[in-house]
2 protein chains.
Amino acid sequence: MATFKNLDELNAFKELSSLKKVVVKDALAGENGAKRVEKYSVKMSGDLVYNFASKAVDDTVLSTLQKLADEAELTEKYAELYNGAIINTGEKRRVLHQLTRGQLGNDVVIDGVNKREFYVSQQKKIADFANKVHNGEIVNEKGEKFTTAVQIGIGGSDLGPRAMYLSLENWAKKNGFFKMEARFISNVDPDDATGVLNGIDVEHSIFILVSKSGTTLETLTNESFVKDALKKAGLDASKHLIAVTSETSPLAKSSDYLAAFFMDDFIGGRYSSTSSVGGAVLSLAFGPEIFARFLNGAAEEDKLSKNKDIFKNPAMLDALIGVYERNVLDMGTTAVLPYSQALSRFPAHLQQLDMESNGKSVNRDGESISYKTGPVIFGEPGTNGQHSFYQLLHQGTDIIPLQFIGFKNNQTENDVVIENSTSQQKLSANVVAQIMAFACGKDDENRNKYFEGNRPSSVIVGDRLTPEALGAILAHFENKVMFQGFIWNLNSFDQE
Amino acid sequence: MATFKNLDELNAFKELSSLKKVVVKDALAGENGAKRVEKYSVKMSGDLVYNFASKAVDDTVLSTLQKLADEAELTEKYAELYNGAIINTGEKRRVLHQLTRGQLGNDVVIDGVNKREFYVSQQKKIADFANKVHNGEIVNEKGEKFTTAVQIGIGGSDLGPRAMYLSLENWAKKNGFFKMEARFISNVDPDDATGVLNGIDVEHSIFILVSKSGTTLETLTNESFVKDALKKAGLDASKHLIAVTSETSPLAKSSDYLAAFFMDDFIGGRYSSTSSVGGAVLSLAFGPEIFARFLNGAAEEDKLSKNKDIFKNPAMLDALIGVYERNVLDMGTTAVLPYSQALSRFPAHLQQLDMESNGKSVNRDGESISYKTGPVIFGEPGTNGQHSFYQLLHQGTDIIPLQFIGFKNNQTENDVVIENSTSQQKLSANVVAQIMAFACGKDDENRNKYFEGNRPSSVIVGDRLTPEALGAILAHFENKVMFQGFIWNLNSFDQE
């Protein structure tokens, strides 16, 4: 059994605080810069790479971070988690979202049910349902095919699945995998449901009600809204609604739904994109094979998270550097900057994932802690962010660590050459130029144009945003947040 | 002439730092709470109210903030601005966005041109054009009406107009003012343009190219994308494109455009929603009368910003409290939380407005300063945010000041009763409950559910989000940022 200690009880943390600070600008200067970019790079799964050459670390800091990882028993705690220990100390629950996408350790059997098999069985049920919708076996009252899937859910039932849908929409259209439009109703503000319903063809829509308990008031209110709209259109609501819920919820066996797919208490809302919560809408939108490829990408990344060596475990390294920035360098905010329009809502998902998991002032035993925990997370896609809040990132009075994400190729493969380069080349050039400007600054006699530099950043680079890459990036951040929770000794998985 | 001094040279600031800190929880306790809510409330224009009862201020702090406003000559600086002084010290330009919506002081005449009249003339030109599009005088090559307006622009040419469009879309549909769909292409990522073009009927679309200089690379790249698409569809691009630009730009008199509407150097991108930049797309989408009502709302708020008394100048008071939180209470981030789905992208606009204006480490003369300036701004609409990052806001280790916005009625007037209340009532109840929970905390034996409270917030409350209310709220924040820039002695209006 791993030992759970507060961060300030760990020797490696005390050591970390005493180390000489790294000046990013100097570390990247001259010939060393190129070597550093090559060396401070960790392979993720597939063709993804996590590069941290522009972070304020050096070999000494890194070896101390390795000590911290070892002393905090991070991979041991991860193993306990996926082997079914009660890691969610608040509600005394297991934490099994990684099992939705792979078998990482022992079988986890609860009340005679093998949980991995349970999650796979739900994926199969969803796949079967989605295939029948796509091939016209399941149709509306008029015998016509459904064209639109509308997710009704809030928080984790909304932000993750919505971000994932937007991430793959154009890719699926380009590659012949696009089956149905997806829309999302989340806010209890009635104008949200009204706006979505005004914009769709209700008669050809399937509505996916997502509520684990079956009692989330916002979601039930929006369901009632949708049922009203269906009734007014002369339609039978029970022919248009499906439920994603727990087996024990009132929705599970209700005749109000065409079908019900299950999750359980061991999947937190913000970790549910790879469960039935993401599975139903994504399988309907893109087909079950694409959802399976997304899960495979996440599973590969989960495996990397087992490595003890920080140079072979990008999520753990990212987590450790984040803690160093938060607790030693005293930086309170992190910006997530994906240079891909497809990831436009990915930062909003990470905002929930990270801030809801680790925005806490008590440890996993409910005791007050005296160090800083989870940072504020915000972000918008580049290059849009560049024309918006980058001024503060470059020249503001606080230093904000940056997390870039970029791809060598765009999803649709459509492009245009202007001034001797394609848009995609411009986008990639922008990522590199921004990382260098943040790190090294820019001299200018005009003090308004002068950047000091020394703004730390990392970048995840891949060839193209495919389902596998998306799954891998999602799992990277989920596992980063998990490792940070372990380091801060928090219960990152409470569902209160 | 007002005197420009750094914040730390002002006596009132030194005084402010020495005052006893207010404990929000105590200030709101018992009978005093209700009195405080009534007293700490400032009328905005129309039926809007700015309430700051849950801010960490008392009469002593407020009277010192009044002294700070007086000593920093905030309203005098504002008067210099709208009377045409060179407030943008970086590029030695005037700052005249308020004149797009009203005459606040003297005529500002430059090279024989009365700028207020110039802005009005552009509004009229746009109104005339939009009316002709709506009534079928201006049509596509086949003589058919245009149905969609697509804005091509980035930064201020995108975020503000997009946020305003989304803010009024459902309202306009409900009230019979909806004329055309609007879409936005901004990112240099070619998948952005591809995605938008895939989703529209190109043959019936007008594209609005927005670039002040006519040289913004992202925007010209996306224009080229659009021209390609038009050509491929066998259409004449010059019959589908209009330009919003400066009179001196290469776009101004090009035969590539059906029409050109002008702005000038005195309108910064992030302050351009009330200029032709917002005017073209909003007049096309909702009709010129609605755009005029939006301007009127902003103009009324601009007038309030002239008042020296902080209790009659909500934007100035909001600015002062923000500076107190940033520079005395040492809070580095502000969350903007509109309880209205229509304002879903308003926080993204404020992010640019605030962070690009005041995220600076040098003063208006280019000298380094030693105090904190603009905070990080982020936010999502409630109740979505509640199910996402509120955990950190309630229980995180940093205190994040909060800016709520709420309305008594929703825009579409569609609603549904569940458990004895409408969705709108639930939404309003959530705002009040959240403000109280943030301020007063929540006792719970379970330390995971315990909230300490003392998290300061303010709220802007209105009857309904109309064009006037939207204009007023926009101007409130623009003027807040302006006043904060004056207090920090920054050039908030640089366009670099």
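In chain A, helix α13 (residues 346-358) lies across strands β10 (333-339) and β11. Its direction runs at about 170 degrees to β11(A). The model is a predicted one. Chain B repeats the arrangement: α13(B) lies across β10 (333-339) and β11 of chain B, again at about 170 degrees to β11(B).

**The sheet under the helix**

Which strands make up the sheet of chain A, and in what order? The order is β1-β2-β15-β12-β10-β11. This is an open sheet of 6 strands with mixed pairing. Its edges are β1 (41-43) and β11 (376-378) of chain A, and each of them pairs on one side only. From one strand to the next, the twist averages 15 degrees.

Strands β12 (residues 402-407) and β15 (residues 457-462) of chain A pair in the parallel sense. Their pairing covers 6 bridges. Strands of a sheet pair through backbone hydrogen bonds, either parallel or antiparallel.

Chain B also has an open sheet of 6 strands, in the order β1-β2-β15-β12-β10-β11 and with mixed pairing. At its edges stand β1 (41-43) and β11 (376-378) of chain B. Each has a single partner strand, so one side of each is left without a neighbour in the sheet. Neighbouring strands are turned by 15 degrees against each other on average, direction ignored. Here β12 (residues 402-407) and β15 (residues 457-462) of chain B pair in the parallel sense over 6 bridges. Within that pair, G406(B) has V461(B) in β15(B) as its bridge partner.

Two packed helices are described by the angle between their axes and the distance between the axes.

| Helix pair | Crossing angle | Axis distance |
|---|---|---|
| α7(B) (residues 159-174) and α13(B) (residues 346-358) | about 155 degrees | 8 Å |
| α13(B) and α16(B) (residues 467-488) | roughly 15 degrees | within 10 Å |

Take α7 and α13 of chain B, which pack at about 155 degrees. That angle makes α7(B) roughly antiparallel to α13(B). The crossing of α7(B) past α13(B) is left-handed. On the α7(B) side, the contact uses L159(B), G160(B), A163(B) and S167(B). They meet F346(B), A348(B), H349(B) and Q352(B) in α13(B). By class, the residues of this contact divide into 4 nonpolar, 4 polar and no charged.

Now take α13 and α16 of chain B, whose axes cross at roughly 15 degrees. This makes α13(B) roughly parallel to α16(B). The crossing of α13(B) past α16(B) is right-handed. From α13(B) come L350(B), L353(B), D354(B), S357(B) and N358(B). Their partners in α16(B) are F477(B), E478(B), V481(B), Q484(B), G485(B) and W488(B). The contact of α13(B) with α16(B) has 5 nonpolar, 4 polar and 2 charged residues.

**Where the chains meet**

In the contact between the chains, 75 residues of chain A touch 76 residues of chain B. Several elements of chain A each supply at least two residues to that side, including α7 (159-175), α9 (217-232), β10, α13, β11 and α15 (423-440). By class, the side of chain A that touches chain B has 20 nonpolar, 37 polar and 18 charged residues.

How are the two copies related? A rotation of 180 degrees, with 0.0 Å of shift along its axis, superposes chain A on chain B. The RMSD is 0.0 Å. The two copies are thus related as by a two-fold rotation axis. Of the residues of chain A, F378(A) comes closest to the rotation axis, with its C-alpha at 3.2 Å. 100% of the interface residues of chain A are also interface residues in chain B, so the copies meet through the same surface.

**Backbone points to check by eye**

Most residues other than glycine have a negative phi, and most peptide bonds are trans. A cis peptide bond joins G382(A) and T383(A), with omega of about 10 degrees. T383(A) sits in the loop between β11 and α14 of chain A. In chain B, G382(B) and T383(B) are likewise joined by a cis peptide bond, with omega of about 5 degrees. The loop between β11 and α14 (390-395) of chain B holds T383(B).

E413(A) is not a glycine, yet has a positive phi of about 65 degrees. E413(A) belongs to the loop between β12 and β13 (417-418) of chain A.

Terms used:
Residues numbered from 1 in each chain as written. Chains lettered and ligands numbered in written order. Predicted model: local features only at pLDDT ≥ 70, side-chain atom pairs only at ≥ 80, totals over all residues. Pairing = 2+ DSSP bridges. Helix = DSSP H or I, 4+ residues; strand = E, 2+ residues; numbered from the N terminus. Axes fitted to C-alpha atoms, helices over the stretch in contact; angles between N-to-C directions. Contact = placed C-beta atoms within 7 Å. Nonpolar A, V, L, I, M, F, W, Y, C, P; charged D, E, K, R; others polar. Least-squares fit on C-alpha atoms with pLDDT ≥ 70 in both. Parallel < 35°, antiparallel > 145°, perpendicular 65-115°, else oblique. Left-handed = near helix turned anticlockwise from the far one by under 90°.
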